[in-house]
Structure formats: structure tokens, C-alpha cells
Amino acid sequence: MTPQDRIAVTSAPISEVIAGRWSPRSFDVTVEVPEAKLTSALEAARWAASAANTQPWRFIVARRGTPEHAKIVDNLLGFNQLWAVTAAALIVNVAETVTEDGVEQRWAEYDLGQASATLALQAHKDGLHVHQMGGFDPEGMHAAFTLADHQRVVSVTALGILATPDALPDEKLRAREIAPRERKSLNEIVLVNA
Ligand SMILES: Cc1cc2nc3c(=O)[nH]c(=O)nc-3n(C[C@H](O)[C@H](O)[C@H](O)COP(=O)(O)O)c2cc1C
């Protein structure tokens, strides 16, 4: 597999950053997260769009080797624990579902998703790789960081430096790492194109 193989084959030209972003599971366990690039990724998330500019995204950032990183790994499910433990940083993505005045933030999760996607693209542009996860124990993660009732853990992002597929500990993981990247066609996802 070459980096070129991971680039999306598109039906129309798109930005190189979007086409090149992909979600690996093999991260280099020997390399620390480059601090300036991590900050840039978080800064990019900060500048995502949100409903009425409410910015309901919150992030728990944990570098490998810290108790917080271990706590996040403990609350990942199944095979996610196996590979995500090597990521230089893990980020818990939290949505503020209610404002300080008790008003429900209807688009909190949507906005958090935009921020997470923006973070991933900035990270990719800066030579890092990101893999988002929904496979975690939501109650366990919530309790581990003593979050408030209105704070919902939506996803976890692994961020780090790419390693080769053979660094993965499991044959299934290695196969997935090099499997062709696929998408539904534009025709399938555009319901109306008047
Ligand atoms: C919300 C969300 C949850 C995901 N959960 C997991 C997960 O628990 N484990 C995993 O290995 N990948 C997970 N993924 C990664 C997707 O499987 C991956 O993004 C998808 O297959 C497309 O591949 P690509 O990102 O390389 O284009 C998740 C992605 C998102 C956005």
C-alpha cells in the first residue's frame, strides 16, 4: 500500500486535503504528538460553524502516557482498545446539549460533528492522521471525567503519526488498513437535484 492508494477516487475534483484524509488504525507508538500541530487542529475545530454561533463543542485532550489517555482507552470497546492505545493523543468529543440558562441546544451534536471533521482535515493537512470512534462506553466515559448531566460524549478521536499496516497486532486490522476505500455514489446520496 502506498499513500497514493488511500486517496479518494472522486467523480468530480475535490480539495486534496479532503481526498487524502482517511482513518488509519496503525499509529506510531514511538512518536509524541507534535504540540503545535495538535494546537492547530484544536484551533481549526474552534473555527467551525455552529447554530447561532453557540459553539457547543468541548474536548478532553489526552496525550499518550498520561492517566487521562489510559482512562479513555479503558472506556473504548472491543478492537478499538487494541489499536487506539498507540495513538499519540486521544480526544473525547463532548456536546453541551443545554445552555447555562437551561435552553436545549438542538444542534449541539451536529455542531460538534462539524468541529470534529474540521479538526480532522486540519490534522491531515499538517501530516497527522485521525481516526474517529463511536465504539466506546458512553456512561463509563462520562463518569471517568465527571462530566455534567447536560454534557454528552458523542465520539472519540485518535490522533497521531501514521505507522505501517504491519505494525498492527491483528490480521483483521492489517487487512482493513489496506482495504479499498468505498463510498455510495452521488446518485444514491443526492435525493433531489432539481
Ligand atoms: C462517528 C464515527 C464513529 C466511528 N466509529 C468507529 C469505531 O468505533 N471504530 C473504528 O475502527 N472506526 C470507526 N469509525 C471510522 C469509520 O469506520 C471510517 O471513517 C469510515 O469507514 C470511512 O473511512 P475513512 O474515514 O478512511 O474515509 C467511525 C467514524 C465516525 C465518523
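A polar contact is a pair of N or O atoms within 3.5 Å. In this predicted model, a nitrogen atom of the ligand lies 2.8 Å from an N or O atom in the side chain of His-131. The side chain of Arg-25 places an N or O atom 2.8 Å from an oxygen atom of the ligand. At Gly-135 the backbone is involved, with an N or O atom 2.9 Å from a ligand oxygen atom. The ligand taken alone exposes 620 Å², of which the protein buries 61%. Helix 4 and strand 3 (129–133) are the elements that give two or more residues to the shell around the ligand.

There are 14 residues around the ligand, and Ser-23, His-131, Gly-134, Arg-181 and Arg-183 come nearest. By residue type, the shell consists of four nonpolar, six polar and four charged residues.

One aromatic pair is present in the structure. The ring centres of Phe-27 and Trp-83 are 6.4 Å apart and the planes meet at 25°, so the pair is classed as stacked, the limit for this class being under 30 degrees. Distant parts of the chain are linked by this pair, whose members are 56 residues apart: Phe-27 belongs to the loop between helix 1 (16–20) and helix 2 (35–46), and Trp-83 to helix 4 (residues 79–84). Phe-27 is buried, at a relative accessible area of 4%, and Trp-83 is likewise buried, at 1%.

Charged groups also sit over aromatic rings. The charged end of Arg-6 is placed over the ring of Trp-22, 4.5 Å from the ring centre. For Lys-71, the charged end sits over the ring of Phe-145, at 4.7 Å from its centre.

Methods: Residues numbered from 1 in each chain as written. Predicted model: local features only at pLDDT ≥ 70, side-chain atom pairs only at ≥ 80, totals over all residues. Heavy atoms only, no water. Phe/Tyr/Trp six-rings, centres within 6.5 Å; stacked < 30°, edge-to-face > 60°. Helix = DSSP H or I, 4+ residues; strand = E, 2+ residues; numbered from the N terminus. Buried < 20%, exposed > 50% of the residue type's maximum accessible area, 1.4 Å probe, protein only. Lys NZ or Arg CZ within 6 Å of the ring centre and 35° of its normal. Near = heavy atom within 4 Å. Polar contact = N/O pair within 3.5 Å; in protein donor to acceptor, adjacent residues only side chain to side chain. Areas by Shrake-Rupley, 256 points an atom, 1.4 Å probe, with all protein chains shown as cover. Nonpolar A, V, L, I, M, F, W, Y, C, P; charged D, E, K, R; others polar.
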